[in-house]
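Trainee: Could you show me, step by step, how to read a few features of a protein model?

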Amino acid sequence: MAPVEDTCASLRAQISATEAHLAGLKRDLAEAEKVAHSARPTNDYENAPNCTDTETGTGRWPLLKEEYKRYGRQMIVSQLGLEGQLKLRSARVLLVGAGGLGCPAAQYLAGAGVGTIGLIDGDTVESSNLHRQVLHRTKNVGKYKVDSAIEALRELNPHPTYIPHRTHLTPEDAPAIFANYDFILDCTDNPATRYLISDTAVLLGKTLVSASALRTEGQLMVLNNPPRPPGDPEGGPCYRCVFPKPPPADSVVSCADGGILGPVVGTMGVLQALEAIKVITTPSPDNSSSTPKRESPSLLIFSAYSNPQFRSIRLRARRANCAVCSGDASVTLDTIRSGSTDYVFFCGSATLPSLLAPRERISPKAYREKHSQPTNLEKSIMIDVRDKAQFGICNLENSINVPISNILASRANPSQAELPPWVPAELASSESKDPIYVKLKELGLDQNGQRYIGDIQGGFRAWREQVDPDWPEY
């Protein structure tokens, strides 16, 4: 009976969302009438007595005069038309994340006239966001991202209703928040939240547009399209269908660590908005030849420095053993709300165990005092494991750059007689007893304990705080 109960719960949630949507439309109508009556000349409708601009769908013209001007260029596109514009106007879209993906996506959805746009994000604007999160402004650094974004969106288009959710998405709150929207956009950057968003969207019967971006590459998928209850093979695949197992926790790289080009994440956000508009305005498929069929699910891959830049991989239908959308689903709204479905545990922890003894770790301040005094003749070898681009931005004098990617790629075996090619000559020397500040003991470079090998705690962030306040922060 579990699938039937889930279907009933999903239908109740959709009814609740529809009722909330209707109440929102009534409020919007009342506000629009107020503005129109206060600003409109008394003879505004003398030449069109049957026109009721302030009403939605009950008069001669279903849109406001200003809306016809605003959206006219897109309404004359055959795939949209007036019918599509009215669908956009009545749609309620939730964007989870108001960062690099969410900003351009929200911008184009608002510009297109989506009636209700919700934004959920618990972060505040930082100056490091501004090169790619195009809705935010320098003056809004420190402000909640959702508030900063909505401020800009209202300037772009005052017609939609904007709803801020100033919080990080949690399993306890996700079902209640999602129930008030028709479509979901995943604009986040971590696997645990991606699975939570997809699971909740499927169980509530919502189509999901998911995207990601890192460095110079991005991915895009439209999931649970068409939305069908768990067990219905006609429904579109979910995130778990495509990725039944999450990536290893220590392989997940954030934009802060891996970097990102603004136009790359902007491209993916714009494509999310485009896919959302297509889903909202495309009629539901039926047996008639005139009704367009739903596109087959696919994974769109974008690579800024490749030729061609775009390629598409066709996705399979729903997995028969999917934990969420199959007939034997183990994930339900109750397991999500109660925390029984533990997303952090499922995706694993990126917190690595400490492999160094206390004496093998030293603070930046202690290192500076020990090795930078003129009276101290002891030399040391500093290994900087950032990638080449970061090393080029700023580095310590006399440090040696050995990117961690080179170290991990070699997977050297300690029993091998030869050291891997990335080991610098200064480190390989058996005569040198200079201490090394990086973890290389497994290669035998500690010379059976005769040579000190250690780690500087806190990295360059701690170096800036304790030693050099002018060290660039990026």
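Mentor: We will look at a helix with its neighbouring strands, and then at some aromatic rings.

Mentor: This is a predicted model, in which local features need pLDDT of at least 70, side-chain atom pairs count only at pLDDT 80 or more, and totals for chains, interfaces and linings use all residues. Residues are numbered from 1 along each chain as its sequence is written, and side-chain values use heavy atoms, with hydrogens and water left out.

Trainee: How many residues does helix H7 have, and how far does it reach?

Mentor: Helices (H or I, at least four residues) and strands (E, at least two) are DSSP runs, numbered from the N terminus. Helix H7, residues 191-203, has 13 residues and reaches 19 Å from its first C-alpha to its last, which is close to the 18 Å expected at 1.5 Å a residue, where the expected span is 1.5 Å times one less than the number of residues.

Trainee: Is H7 mostly covered or mostly uncovered?

Mentor: Buried means under 20% relative accessible area, exposed over 50%, and partly exposed in between, with a 1.4 Å probe and protein chains only. In H7, 13 of its 13 residues are buried, and the helix is mostly covered. Just after H7, glycine 205 takes a positive phi of about 70°.

Trainee: In which sense do E4 and E5 pair?

Mentor: Two strands pair if DSSP finds at least two bridges between them. Strand E4 (residues 183-186) and E5 pair in the parallel sense over four bridges, with leucine 185 standing opposite valine 209 in E5. By contrast, E5 and strand E6 (residues 217-223) run antiparallel, joined by seven bridges, and in their hairpin, which has two residues between the strands, arginine 215 takes a positive phi near 55°.

Trainee: How many aromatic pairs does the structure hold?

Mentor: Rings of Phe, Tyr and Trp (its six-membered ring) pair if their centres lie within 6.5 Å; planes under 30 degrees apart count as stacked, over 60 as edge-to-face and the rest as tilted. The structure holds six aromatic pairs. In one of them, the rings of tyrosine 239 and phenylalanine 243 have centres 5.2 Å apart and planes at 55°, so this pair is tilted. Tyrosine 239 is buried at 11% relative accessibility, whereas phenylalanine 243, at 27%, is partly exposed.

Trainee: Which residues do ring pairs link into a cluster?

Mentor: Ring pairs link Tyr195, Tyr239, Phe243 and Phe346 into a cluster.
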